[in-house]
Amino acid sequence: MNRDIIRKSLWYLAMGVMAFFVLFPIYLIFLVAFAPPTEIFRPNPALIPSSLNPYSLYVVLKYYHFLSHFILSLETAFIVSGICIALGAPAAYTISRMPRRASYLVIIFLFVTQMIPEIQIGVPLASAMAKLHLLNTSLGIALAQSSIALPLVTYVLVGAFRSIPTRLSESAQIDGASKLQAFFYIDLQLALTGIFVAVILAWLFSWDEFILAQLISPLHTTIPVLIYQNIARGQGGLPADDAFSLIMTIPVIALVLILQKYMRSNIIAGALK
Amino acid sequence: MRIVRQLKNNLMEVVFILPLLIFIGILNIYPIIQGINLSFMLLGKYSLYNYYQLQNYTPSLYTVTVNTIAFVPFALAIEFFLALFTALLLNRSIRGRSVFRSIIMLPYGVATVVSAIAFSFIFSATNGYANEILIGIGLSHSQVNWTSGYIAFFSIAVADSWKTFPLIMLILLGGLQMIPESQYEAAAIDGASQLQQFVRITLPNLYPFIMIAMIIRAVSEFNILSLPLILVGSNVQFLGTLSFNLYETFSLGSANISAAVATVLLSIVMVFVLIYIYVSGKLGSGSR
């Protein structure tokens, strides 16, 4: 009884420490976005601001074409999700039906193709995009980002398909369905949760990425590129950046909460079962 | 002939996987080959000039390479420790677990630029929060410059782990939840201690999950760029990693030399991958 209480308090203590570690930087973003400008221009703004002031948000909405950057980011992220699912889902289905050892090697191969620095693939891609008139477009950014996001997406999808028993589509085929029908009407339907998780992962990756985005769309930038360019110009720590950061973070936090609800162990671990 | 027949039987599977392979081939593998080719080129002729040029590099290519090789396991270790620790905690059924699970996942949704800004407040050279705490509890008497020298690697590793450990935690938690309870019960009956159970049951069962999580992260760690760009920026005292220096050379406009840097990076990566496949093949064939 006593031991149980000690154990539980130790658990809450350890979890509390981890929660603090996780939440403190997020709190800083909120703090700096809302604190009065005079209090931010210090390396260590007071942890409790003297007043809340939406000045930074006001600056962002007034002086930057915020909406156009925001829409470009959104568009790109959705196209990346689309490309990743369209290419990743069928491929993942095939991989999930391979012998274990072969599928493991294919997955590792996919990850290894990413081991080249983004800048090294980004520059030739940018010149190719220029020829195809895809520079400064969301499709151009999305194509480049998809090639990096695909391995993780495929990995998660392999897990999703693995968690579906093969006998379901097999018995459908015995009843006269074609392989393709079995895939569309059975496996794909049952893998919807996993596909949803994969969509969010691809989306998050695109929302975050700025090296490729900067190379391919230097004129019409996504939000992370905009923030980075502000910082690179030596205007780092400007209230505007923090306001951008905040606007960029809030919707995504909601997304992560949804993600963790659906990202059950059978999906993320399924590829290795 | 057998291959043709097999291909016919699995036509759908082949058609399913081809688009992905072609896409990756065009967007990833082709640029890689192009880069290797470029690194051996000088004014349209094959030459080792670019590689000789690397010797004049500051910091030297050797230093940068060693830094990269040292940084990756260091960052992975921090990430892995945080992830395993949280996964083990979250694997208990205690009230409030799902709330904590949600909180732990939050950093995964924070963009790298954003987390870098937050951590630049923590790791500022003068009076940042990290320094305030160290001086406050008396561990240090002077301001630590978190973004220069080797300490910069520590700051980068912590800031990077903060954002990425949730994903590893999820993978490990998935692995933990797949271990049958009966194994622990049997071990407990045989009188195995908690530590023994952890070493003999948890770790071996978790092994494939640890391996895939490490591969996923090592890939990004080798190429880590966005975070140091913002966190330490153009701090001349930063010692650099290969991909960071690649970016710098690139901004200076020498495509051939940066292609040479990339080729060096790629060769290092390939050595590690081959070792990895060899080791995992050996262990894998034994345990599974």
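Into which domains is chain A divided? Chain A splits into domain 1 (1-53) and domain 2 (55-272). The bounds come from an automatic or database domain assignment. The C-alpha centres of domain 1 and domain 2 of chain A lie 30 Å apart.

This is a predicted model, in which local features need pLDDT of at least 70, side-chain atom pairs count only at pLDDT 80 or more, and totals for chains, interfaces and linings use all residues. Residues are numbered from 1 along each chain as its sequence is written, chains are lettered from A and ligands numbered from 1 in the order in which they are written, and side-chain values use heavy atoms, with hydrogens and water left out.

Start with the whole of chain A. Chain A has 14 helices and 0 strands. Helices here are DSSP runs of H or I with at least four residues, strands are runs of E with at least two, and both are numbered from the N terminus. The C-alpha trace of chain A spans about 75 × 70 × 30 Å along its principal axes. Of the 273 residues in chain A, 57% are buried. Buried means under 20% relative accessible area, exposed means over 50%, and partly exposed lies in between (1.4 Å probe, protein chains only). Take the contacts in chain A between residues at least 6 apart in sequence: 74% of them join residues at least 24 apart. A contact means heavy atoms within 4.5 Å.

Now chain B. Chain B has 13 helices and 2 strands. Its C-alpha trace spans about 75 × 75 × 30 Å along the principal axes. Buried residues make up 53% of the 288 residues in chain B. Among chain B contacts between residues at least 6 apart in sequence, 70% join residues at least 24 apart.

Next, helix packing within chain A. The axes of helix α5 (residues 100-112) and helix α7 (residues 138-162) of chain A come within 8 Å and cross at roughly 155°. That makes α5(A) roughly antiparallel to α7(A). Angles under 35 degrees count as roughly parallel, over 145 as roughly antiparallel, 65 to 115 as roughly perpendicular and the rest as oblique. Axes are lines fitted to C-alpha atoms, for helices over the stretch in contact, and angles run from 0 to 180 degrees between N-to-C directions. The crossing of α5(A) with α7(A) is left-handed. A crossing is left-handed if the near helix is turned anticlockwise from the far one by less than a right angle, and right-handed if clockwise. From α5(A), the contact uses A:Arg100, A:Ser103, A:Ile107, A:Leu110 and A:Phe111. From α7(A) come A:Pro151, A:Leu152, A:Thr154, A:Tyr155, A:Val158 and A:Arg162. By class, this contact of α5(A) with α7(A) has 7 nonpolar, 2 polar and 2 charged residues. Ala, Val, Leu, Ile, Met, Phe, Trp, Tyr, Cys and Pro count as nonpolar, Asp, Glu, Lys and Arg as charged, and the others, Gly among them, as polar.

A further pair in chain A is helix α8 (residues 166-174) and helix α9 (residues 179-190), with axes that come within 9 Å and cross at roughly 145°. This crossing of α8(A) and α9(A) is right-handed. In α8(A), A:Leu168, A:Ser169, A:Ala172 and A:Gln173 meet A:Lys179, A:Ala182, A:Ile186, A:Asp187 and A:Leu190 in α9(A). The classes are 5 nonpolar, 2 polar and 2 charged residues.

Where do the chains meet? Helix α6 (residues 118-131) of chain A packs with helix α2 (residues 11-39) of chain B at an angle of about 95°, with their axes 9 Å apart. The two helices, α6(A) and α2(B), are therefore roughly perpendicular to each other. A:Gln120, A:Ile121, A:Pro124 and A:Leu125 of α6(A) make the contact with B:Leu27, B:Asn28, B:Pro31, B:Gln34 and B:Gly35 of α2(B). These residues divide into 5 nonpolar, 4 polar and no charged.

Now look at some buried sites. Helix α6 (residues 112-122) of chain B is mostly covered, with 10 of its 11 residues buried. Among them are B:Val113, B:Phe119 and B:Ile122. B:Arg217 sits in helix α10 (residues 194-222) of chain B. B:Arg217 is buried, with a relative accessible area of 9%. Leaving out residues up to four places away in sequence, B:Arg217 touches B:Leu76, B:Glu79, B:Asp160, B:Thr164 and B:Ile168.

Finish in chain A, at A:Ser217. A:Ser217 lies in the loop between α11 (211-216) and α12 (223-235) of chain A. A:Ser217 is buried, with a relative accessible area of 0%. A:Ser217 and A:Thr137 are 80 residues apart in sequence and 6.5 Å apart in space, C-alpha to C-alpha. Not counting residues up to four places away in sequence, A:Ser217 touches A:Leu72, A:Asn136, A:Thr137 and A:Ile141.
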